[in-house]
Amino acid sequence: MVTSKYMPLDGANAVSQAMRQIDPDVVAAYPITPQTAVVQNFSQFVADGIVHTEFVAVESEHAAMSACVGASAAGARVMTATSANGLALMWEMLYIASGMRLPIVMTVVNRALSSPLNIHCDHSDSMGARDSGWLQLYAETGQEAYDNTIQAIRIAEHPDLLLPVMSCQDGFITGHGVERVGILPDEAVREFVGQYKAKYSLLDVDNPVTMGAWDFTDYYFEHKRQQTEAMNNAMPIVRAVSEEYERLSGRPQPIVDCFGMDDAEYAVVVLSSTAGTSRAVARQLRAQGWKVGVVKPRVFRPFPAQEIVEAIKGCKAVAVLDRAISFGALYGSGPLFTDTTSALYNLGVTGLPIVNYIYGLGGRDTLPSMIESVYRDLRQVAESGDRGAPVRYLGLRE
Amino acid sequence: MTDRIRINLRQIVNNEERLAPGHRLCAGCAEPAAVRQILHAIEGPVVVSTATGCLEVSTTVYPYTSWRVPWIHSAFENASTTIAGAEAAYKALKRTGKIPEDRQITFVAFGGDGASYDIGLQWISGVLERGHKVIYVCLNNEAYMNTGIQRSGATPRGAHTTTSPAGEVLPGKTQWRKPFTRIMAAHDIPYVAQASPHNYRDLMMKAKKAAAADGPAVLNVLVPCPRGWRYESDQTMAIAKLAADTCYWPLYEVDHGKTIVNYKPREKLPVAEWLKAQGRFRHLFRPAYAGLLQEIQAKVDEEWERLLKEEANS
């Protein structure tokens, strides 16, 4: 284990520090609130000669991911960053990056999608990209955003995986929120990420390869099958990298972080910064004798079905909090809810009362009192035996 | 200036064939001729990107490939930015010593006119503004041929396409084509040229100049399409030559801001000669469109005069 140096950093700065230490070959990025600080800081590192990176300040996010694809296909270690509409503009290229098995790492500072225009946090941007073949990590704090970003490099480039990774954190809440962040020594990060050696490269002119060929009905399906196989086998790789990073940093890196779940009767399943709020509330309620807990998946793609189900299956009632709506899904629920309930069913757990709360859209504050009301609701559900409304809204005026 | 470059055909024909035969482009398609001429002319290793389109789908039917050089296709609009990403990687990996300092690679992107004039214009513009050392080649067959002959910003006025059909009240496309070569030159990059594969010496010279340029270069190459233009497939080079002889497609270059017209026909043929050779303009010879024919001739004359003036003033 190495000793971290603690610095006051906002989450965006924490990620740019990780990028400085990773020192990728190519960064192609475009500014968008609230990701801008990541790109700004990194540009300064380039201007000051602190990194060796070729920084391509492109004219759009689509161009950012296009340049990342070209650079990664040329054997470079490649990173980028975006938010919201920027991620939406990249959509076409997200699938191309994963389909071409290019281990690009992108930090996403989560923000609501238009329309209406809103620059504040929710997860509709990255949740919309959950089927794009990228792994997704969600950070509760700036510290986790820093840690996840470093791990993402090793995960993406693992020779048995070769898939791109999104490292997400909450816009403004952690992205602009200053906290105490432990930064590993530069040398330790350099050693941890190591050198990237691409199996195939456009720059290997003596061994020319054709990348992005045209697949007919006779091959496309098999290629997609290989891709899903890679994603299906990703979790052990994520776990191994996490464990190695945990040993290096001394900071726990669970796939799914559980609080109070050994004896919890009521649990909240939630991603990112609201897990912190939920834990604070759970701690207070536990002090009052309630058996409550919090389940925070740090990894969302691949979906940690086993871990989540294991954590919640003994509960009397469970609430899944979603910071995004999957419009038209059952009851208008959110993606974390649909995946969790699907996992329960498929792993043979039936009869567990489970409700969905849509919260925090467009940066709406999620207060401790709201989380407390969720736990009270869960007790009501369990005691009455009536689930009531399957999808509810926190902090919404109706 | 790069005007000391000379073409040695004897040497060039001995260069390796970088686009293998056996691809599935149509008989009479000018694209493979243009690609082979360009890649023959460039000395040393090349890395190629190609936009979605005829060239891409016809040369890389998995598990086969016609490309004997490193090649990538990522999407329709971004062949320029994809190759710029590879060029950025090349710079970075040279800096860290992962590829040798003395390895010279030429980066070339090919896109059709739809990919260049229309959907990819922003991406190309960004690549040129940032000064990536790449050659962008527009293989211009004046419509979306891969999807079945739909009009693009490069389709000339009066041409019949499936989305600008000639009908009872409309004479094919009603708008003029976009001045793409001039838009490229307006980026003040080292080298921009307009060319055609019928004049292979001129095209290969331009490819060499583009490769030697100290920054981005763009070639806009006319590639006649027998299917879309409606002519017999053995007429491709004759049709291409007519485009130059009528001054419909002037062969010229803008080398560091200096405009040079590379071919001035001894006798400038009427544009009707070019139009009547192609089925896509057949309807223009109805009496009702006599006025439109005159307008098209006037437009060709006006553009040619402007080009000559530009040459004289530069």
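In what order do the nine strands of the open sheet lie? The order is β9(A)-β2(B)-β1(B)-β3(B)-β4(B)-β6(B)-β5(B)-β7(B)-β8(B), and the pairing is mixed. The model described here is predicted.

- The edge strands, each pairing on one side only, are β9 (210-211) of chain A and β8 (258-261) of chain B.
- Helix α8 of chain B, residues 200-212, packs on the sheet and touches β3 (106-112), β4 (134-140), β5, β6 and β7 (252-255) of chain B.
- The direction of this helix makes about 165° with that of β5(B).
- Strands β5 (residues 191-195) and β6 (residues 217-222) of chain B run parallel and are joined by five bridges.
- Within this pair, Ala193(B) stands opposite Leu219(B) in β6(B).

**Helices α6 and α7 of chain A**
- The axes of α6 (residues 142-157) and α7 (residues 186-193) of chain A cross at roughly 25° and come within 9 Å.
- Helices α6(A) and α7(A) are therefore roughly parallel to each other, as the angle is under 35 degrees.
- On α6(A) the contact is made by Ile150(A), Ile153(A) and Arg154(A), and on α7(A) by Val189(A), Phe192(A) and Val193(A).
- By class, this contact has five nonpolar residues, one charged residue and no polar ones.

**His52(A)**
- His52(A) lies in the loop between α2 (36-47) and β3 (54-57) of chain A.
- With 13 other C-beta atoms within 10 Å, His52(A) is partly exposed.
- Leaving aside residues up to four places away in sequence, His52(A) touches Asp23(A), Ala92(B), Arg95(B) and Thr96(B).
- A separation of 48 Å lies between the C-alpha atoms of His52(A) and Asn346(A), which are 294 residues apart along the chain.

Conventions
Residues numbered from 1 in each chain as written. Chains lettered and ligands numbered in written order. Predicted model: local features only at pLDDT ≥ 70, side-chain atom pairs only at ≥ 80, totals over all residues. Pairing = 2+ DSSP bridges. Helix = DSSP H or I, 4+ residues; strand = E, 2+ residues; numbered from the N terminus. Contact = placed C-beta atoms within 7 Å. Axes fitted to C-alpha atoms, helices over the stretch in contact; angles between N-to-C directions. Parallel < 35°, antiparallel > 145°, perpendicular 65-115°, else oblique. Nonpolar A, V, L, I, M, F, W, Y, C, P; charged D, E, K, R; others polar. Buried ≥ 20, exposed ≤ 12 C-beta atoms within 10 Å, placed from the backbone.
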